[in-house]
Structure formats: C-alpha cells, structure tokens
Amino acid sequence: MPHSPDEFATYAHARLPELVTTAHLLSGGPGDPGDPREATELVRRTLVKVCARWRRIPRDDVDFYVRRSLVKEYLRRARRRRTRSARQRAVLVLLHWERLPEKETAQLLGCSTGAVRSRARRGLAVYGGDAERLRGLFTEAAKSAESASGGVPFDVPLDAVEQRGRALRRRRRGVVVAGCALLLVPAVVFGAGGFMGAGSADDGSGGGASDVAQSPTRIVAPGERVDAVTGVQVWLTTDGKHWSTPERPNQFRALTGDSGRQEEQPKPGVSAQLDPMKSGYFLSGLYRGLSADPARVEVTVDDRRITGTVLTLAGSPGWGVWYARTPLTPEELKSSSVDGGPTVTVYDAAGKVVARGGADE
C-alpha cells in the first residue's frame with residue numbers, strides 16, 4: 001500500500017488552509033466575497049473521497065489527485081446550479097492563484113492546452129487582460145473569507161472526514177466483494193465436478209491476487225491488424241497509430257510532437273481519442289517518450305477506472321498505442337465532459353506516474 005491512514009491525517013492537516021482558500025476562490029471568484037461555509041463543505045466532501053481512496057493513490061501523485069477531486073466536486077455542484085462560467089473560473093484559479101502551468105491545468109480539467117488558453121484569455125479579458133490585477137482580486141477575496149469567518153476559515157473536522165472516508169471505503173469494498181462473489185460462484189460450481197474428479201493432485205502453482213490490474217501488452221508487426229472491440233481495428237506503423245471504426249474508417253495519429261515533426265528525444269506524453277459507436281464511445285490513444293513500455297495505462301472517468309490494453313511495435317520501445325475494451329457510454333461521456341473529461345495516466349512497473357493526458361478536442 002502506498003500510504004498509511006496516519007499519512008492521510010498529516011497530509012490533510014498540512015494542506016487544509018490552501019485547499020479551503022482555493023475552494024473559496026472557486027466558489028466565490030475574484031471580487032465576490034462568497035460563502036466560507038460553502039468552501040468548507042466543498043473541501044470536506046473532497047477529503048472524504050480522497051480518504052476513501054487513500055491507499056490506492058500513487059505516492060508521487062497525491063497533490064494532482066486532490067486538486068482534481070476538488071475541481072471535479074466544484075464542477076459537479078456548479079452543474080447542478082447550471083453555472084455556465086464554472087470551467088472558465090476553474091482555469092483562472094488554477095493558472096493565476098495556484099500558479100500551475102497550462103499543461104498541468106489542462107490535465108486537471110481533462111482538456112487540451114489550447115482550450116485552457118482560450119478560456120484563460122476570455123476570462124482575463126473581463127479584468128482588462130491584467131493578470132496582476134486578477135491575482136490582487138484573488139488575494140482580497142481570500143482575506144475577506146478569513147475575516148467573514150472570524151479569522152478561522154479552515155474549520156474542517158478532520159476526525160469526521162476520516163470516519164466518513166473509512167465508511168465510504170468499507171461500503172465500496174463491500175460492493176466489490178459482492179460483485180466478485182456473484183462472478184465467482186458460477187465458476188466454482190462449474191469447476192467443482194472437475195476438481196472432485198481430479199482427486200487431490202497439486203500442480204504446485206501458487207497464486208496471489210494483485211491490488212492493481214496491469215495492462216495486457218501485445219507486440220505487433222507493422223501493419224498487423226488487431227480487433228480491439230467489435231467493428232474496430234487498430235494497427236501500428238513506424239510513423240504512428242492507425243485505427244478504423246464503422247463510423248470513421250482509416251484514421252491516423254502521427255508519432256510527432258506539438259511542432260508536427262519527429263523529435264529525437266520526445267517528452268513523455270499520452271493522447272486520447274473518443275470515437276462514436278452504436279454501443280458508446282471507443283477510447284484509444286498513443287503514448288510516447290517513455291524509457292520503456294508502460295506497466296499500466298488507466299483511464300479515469302468520474303469515479304470509474306478503466307485499465308487499457310497496450311500495443312507496441314517490435315523493436316520500438318518508448319511509444320505505442322493503448323485502447324479500452326469497454327466502451328464509454330454516452331451518459332458517462334456527458335458527465336465526464338462537465339466534470340473535466342476522461343484522464344489517461346501511464347504508470348511504470350514501480351507504480352510511478354510517467355505520463356498523463358486528456359481527451360483531444
């Protein structure tokens with residue numbers, strides 16, 4: 001396990017002031033005093049969900065996961081209130097208060113860097129294009145939140161958060177165990193006759209369950225067609241990814257950088273494409289710039305995690321294609337588009353994040 005429960009309490013206590021300030025700026029915005037209690041509730045809900053998944057968060061990925069959870073919770077609340085400027089406000093807060101780079105902001109929101117620049121430009125135009133003025137308004141808003149709450153703006157009960165988080169983790173574990181039991185019972189009944197007939201023979205093969213599913217990897221030859229899902233084929237050539245769906249045949253994604261030309265030492269990255277199908281949306285993408293093949297490619301859609309399958313060319317380590325065997329439903333796509341979009345994360349064999357990206361626009 002990457003973290004112990006005690007580490008969560010230490011982390012939450014240290015990050016609490018910054019999280020509540022960011023939540024207040026998201027909820028209120030520059031020049032808007034907002035409601036500190038609403039920001040506190042936003043952080044409380046975020047930390048409950050983080051606590052529930054604490055043991056599954058990679059050690060070097062905590063800040064990203066917490067920020068993304070906070071922004072997603074804010075966007076969910078904004079969606080219920082039909083707040084149209086929520087994503088633009090999130091961009092301004094992440095860029096000009098958190099001082100995050102455009103690429104990381106895009107990863108948090110699950111969109112392209114171009115979309116981040118566009119929203120930032122439109123949002124900043126309201127303040128005369130003056131970034132320093134916007135940061136000053138953010139600072140005033142943070143101070144007003146503290147004064148409005150009597151100087152104690154960070155009253156999030158961590159003991160109650162941990163209790164709720166543990167309860168949520170137990171509930172999720174119960175659902176998983178029940179689901180596994182339903183899947184395993186037919187297999188056990190089916191195999192009981194064979195087991196009894198085979199006597200007590202032992203093949204000596206031990207086994208153990210893995211906490212995290214690894215990505216199945218297949219090495220292919222250039223041009224070799226792979227049936228990813230029904231009606232969809234994927235193949236690789238030395239210059240990139242090819243795929244074909246019933247609705248969109250013969251598509252291509254080049255193995256190039258942002259400049260449009262091949263780089264000798266490309267930066268690690270991963271792309272994602274969503275193709276409409278009758279049963280939903282086919283998810284696939286191309287990773288590049290890795291020192292070795294990934295151990296796991298994971299797509300996060302709201303609270304759902306999908307482990308991708310990896311294709312790589314023989315003799316071409318460091319880049320390849322991933323795809324999901326399970327299609328994304330239209331309802332999930334609509335929900336994820338509001339909450340930040342699908343996020344693709346690539347892990348190495350040690351469980352370290354080596355690349356992250358979002359769906360292409």
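Predicted model: local features only at pLDDT ≥ 70, side-chain atom pairs only at ≥ 80, totals over all residues.
Trainee: How many helices and strands does the chain have?
Mentor: The chain is 361 residues in length, and buried residues make up 48% of them. Its secondary structure comprises nine helices and 14 strands.

Trainee: Which strands stand at the edges of the open sheet?
Mentor: Four strands form this open sheet, with antiparallel pairing, in the order β2-β3-β4-β5. An edge strand has a single partner, so one side of it is left without a neighbour in the sheet. The strands in that position are β2 (226-229) and β5 (251-254).

Trainee: Which residue in β4 is the bridge partner of Trp235?
Mentor: Strand β3 (residues 232-237) and strand β4 (residues 240-244) run antiparallel and are joined by five bridges. In β4, the partner of Trp235 is His242.

Trainee: How many residues apart are Glu98 and Arg67?
Mentor: Glu98 and Arg67 form a salt bridge, with their closest N and O atoms 3.2 Å apart. Glu98 lies in the loop between α4 (86-96) and α5 (102-109), whereas Arg67 belongs to helix α3 (residues 62-80). The pair thus links distant parts of the chain, with a separation of 31 residues.

Trainee: Why does Glu98 count as buried?
Mentor: Buried means under 20% relative accessible area. Arg67 counts as buried because its relative accessibility is 16%. Glu98 counts as buried because its relative accessibility is 19%.

Trainee: By about how many helical turns are Arg76 and Glu73 separated in helix α3?
Mentor: The side chains of Arg76 and Glu73 meet in a salt bridge at 3.7 Å, N to O, and both residues are buried. They are three residues apart in helix α3, so the separation is about one helical turn.

Trainee: Is Arg305 buried or partly exposed?
Mentor: Arg305 forms a salt bridge with Glu298, the closest N and O atoms being 3.8 Å apart. Glu298 is buried, because its relative accessible area is 5%. For Arg305 the relative accessible area is 26%, so this residue is partly exposed.

Definitions and conventions
Residues numbered from 1 in each chain as written. Heavy atoms only, no water. Pairing = 2+ DSSP bridges. Helix = DSSP H or I, 4+ residues; strand = E, 2+ residues; numbered from the N terminus. Buried < 20%, exposed > 50% of the residue type's maximum accessible area, 1.4 Å probe, protein only. Salt bridge = Lys/Arg side-chain N within 4 Å of Asp/Glu carboxyl O.
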